[in-house]
Amino acid sequence: MTPVLAAISRRRRATDHAARAATLALTLVALVPLFLVVYYLLEEGLGAFSVSFFTTDPTGRFLGDPGGIRSAIVGTVLIVVVATAIAVPLGIGVALYLVEYGRRSAFANVVRYFIDVMTGVPSVVFGLFIYIVLVVSQIGGTFAAWKGAVALALLMLPVVARASEVVLNLVPDELRESALALGAPRWRVVLRVVLPTAAPGLLTGSMLAIARAAGETAPLLFTVAFVNGVSLDIGQRMNSLPLQIFNDVGQAQDRLVQRAWGAALTLVLMILAVTLAARLVQRRSRLQP
Amino acid sequence: MTNPEAEERVMPMPDEAPLAPPHIPARVREPAARAAGDARRPVKAGRAMTLEGLNAWYGTTHAVKDVSLSYRANEVTAMIGPSGCGKSTVLRCLNRLHEEIRGAHSEGRVTLDDLDINDPRVDVTAVRRAIGMVFQKPNPFPTMSIFDNVAAGLKLAGIKGRRTEEVVERSLRGAGLWDEVKDRLAQPGIGLSGGQQQRLCIARTIAVEPEVILMDEPCSALDPIATLKVEELITELKRDYTIIIVTHNMQQAARVSDTTAFFYLGELVEHADTETLFRTPANPRTEESVTGKFS
């Protein structure tokens with residue numbers, strides 16, 4: 001007689017163990033490159049860190065002290081701030097249109113499709129596009145920081161728009177309806193109810209887009225060009241961390257290659273800080289997917 | 001019930017209305033009724049509403065079929081019927097919220113007193129200010145404090161020049177919530193219990209001083225004690241407002257309403273005094289429903 005609750009068969013137990021082991025092994029394999037990247041960044045990058053590394057500009061001299069990366073940090077922050085100022089309002093605006101007004105209309109669906117296409121465009125294409133439209137045409141000079149910022153903004157725009165659309169869709173329709181039922185015009189519903197409710201999520205989406213854009217090299221390569229010194233004028237050429245790394249890695253001197261590692265670690269830490277901040281904001285949000 | 005002296009007062013209409021909008025007269029204050037009732041609050045008359053040949057669709061689904069019905073001023077009218085019978089859709093046609101749903105539309109005449117709320121010259125925001133609504137799920141605005149939630153009605157509707165503190169206190173008292181929240185007005189509205197949140201939503205609705213209050217199953221998410229409080233409140237509120245309530249709960253309709261309308265499959269089956277409808281329904285469908293044969 002078979003018992004009512006039969007024991008798990010030996011074969012099923014063995015299959016289960018094998019499946020667990022296989023997925024664990026694959027996960028570990030996937031973690032290897034990540035671990036190595038972090039390891040080499042710390043190993044090589046920490047060696048480059050010193051007070052003068054952060055407080056001096058690259059000298060550009062072939063011999064003697066190569067200098068630090070101050071101008072690159074300042075430049076990256078400035079360019080990303082300008083790019084954010086362009087991309088975030090535009091991206092949230094697009095998302096507001098899609099969610100609050102366009103909804104399922106044919107035009108809204110076309111916009112959604114092109115946003116997806118834009119997300120897949122390689123960053124070098126945006127760099128080339130800006131190079132042709134703004135640099136070759138010599139609008140406001142040739143190479144300039146703001147042109148790089150525009151290229152980064154193009155890169156960020158679809159990310160911000162898509163993330164914002166998701167967040168705005170999480171705002172319950174009952175809130176919109178109850179605001180409408182109080183006699184509010186649609187624009188006031190958006191401004192006073194939808195946007196405040198979605199604000200933490202919108203901020204998170206924007207910060208993730210910033211984190212993505214901050215490390216991009218290609219859009220800056222043809223648009224900003226490289227200089228050594230600190231520049232605060234976005235109409236001029238400007239240094240940035242990705243370009244600093246790009247330049248230094250190709251040099252024949254170990255000191256310069258080490259500076260590239262240091263700059264890379266600095267960039268990763270900056271992006272990590274933004275990502276962590278985004279996570280903290282998300283945790284405080286009331287809208288959970 | 002109507003006071004001819006107040007007829008010349010005009011409902012606030014935004015400037016951008018393309019043509020002179022039909023005037024919706026302001027509420028009537030009746031000193032006699034005030035003396036009889038609670039002295040703290042002004043007593044005002046609500047307004048009657050009528051439906052003539054109302055049809056409503058969601059896309060191609062015909063949800064409400066040729067409904068004609070009148071809602072008397074300062075009474076509670078309950079709309080009952082099984083799920084999907086169109087009662088909530090009728091309610092949403094009464095403040096033109098139905099048209100906010102994509103693909104939904106309605107036909108027929110809906111009037112507040114004798115004014116057609118679907119008249120193209122009428123500003124839809126003015127309609128919704130005159131006809132407030134309380135929803136099934138308590139839905140305070142999550143980013144706002146208790147105070148701001150009540151004041152939100154004024155701010156969202158763009159009503160200026162009133163003493164906000166006074167309006168908030170009067171509305172919270174009107175919703176029977178003042179004593180429970182007066183010491184924590186700055187705290188978030190979503191921190192309250194479900195029943196308190198629903199009364200907060202009622203306070204938010206009456207802050208705009210509507211003529212009519214629509215309630216869409218206002219107690220279905222509440223526990224029995226909170227339900228009782230809201231029901232008592234409904235009985236209080238009908239002195240000042242006309243109340244139209246959709247409910248699943250037969251007992252609730254029997255407890256709070258003066259007249260009851262029974263809907264089935266998008267049609268109005270029967271509308272009568274609540275007592276008559278529950279004791280001696282004219283239609284066998286109604287009888288089956290109110291005696292619990294189906295629901």
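**View 1. Strands β8 and β9 of chain B side by side in a predicted model.** β8(B) and β9 (residues 212-216) of chain B run parallel, and four bridges join them. One residue pair can be picked out here: B:Met133 has B:Leu214 in β9(B) as its bridge partner.

**View 2. The open sheet of chain B.** Six strands build this sheet. Their order is β8-β9-β10-β5-β11-β12, and the pairing is mixed. β8 and β12 (267-273) of chain B are the edge strands, each pairing on one side only. On average, neighbouring strands of the sheet are turned by 20° against each other, direction ignored.

**View 3. Helix α2 of chain B across strands.** Helix α2 (residues 87-94) of chain B lies across β5 (76-80), β8, β9, β10 (242-246) and β11 (259-264) of chain B. The helix runs at about 150° to β10(B).

**View 4. B:Pro142 in its loop.** B:Pro142 sits in the loop between β8 (131-134) and α4 (146-156) of chain B. B:Pro142 counts as partly exposed because 17 other C-beta atoms lie within 10 Å, while a buried residue needs 20 or more and an exposed one has 12 or fewer. B:Leu228 is 86 residues away from B:Pro142 in sequence. In space the two are 25 Å apart, C-alpha to C-alpha.

**View 5. The contact between chain A and chain B.** Chain A brings 19 residues to the contact, and chain B brings 24 residues. On the side of chain A that touches chain B, α7 (173-181) and α8 (186-214) of chain A each supply at least two residues. α7(A) gives the most, with seven residues. By class, this side of chain A has nine nonpolar, three polar and seven charged residues.

Definitions and conventions
Residues numbered from 1 in each chain as written. Chains lettered and ligands numbered in written order. Predicted model: local features only at pLDDT ≥ 70, side-chain atom pairs only at ≥ 80, totals over all residues. Contact = placed C-beta atoms within 7 Å. Nonpolar A, V, L, I, M, F, W, Y, C, P; charged D, E, K, R; others polar. Pairing = 2+ DSSP bridges. Axes fitted to C-alpha atoms, helices over the stretch in contact; angles between N-to-C directions.
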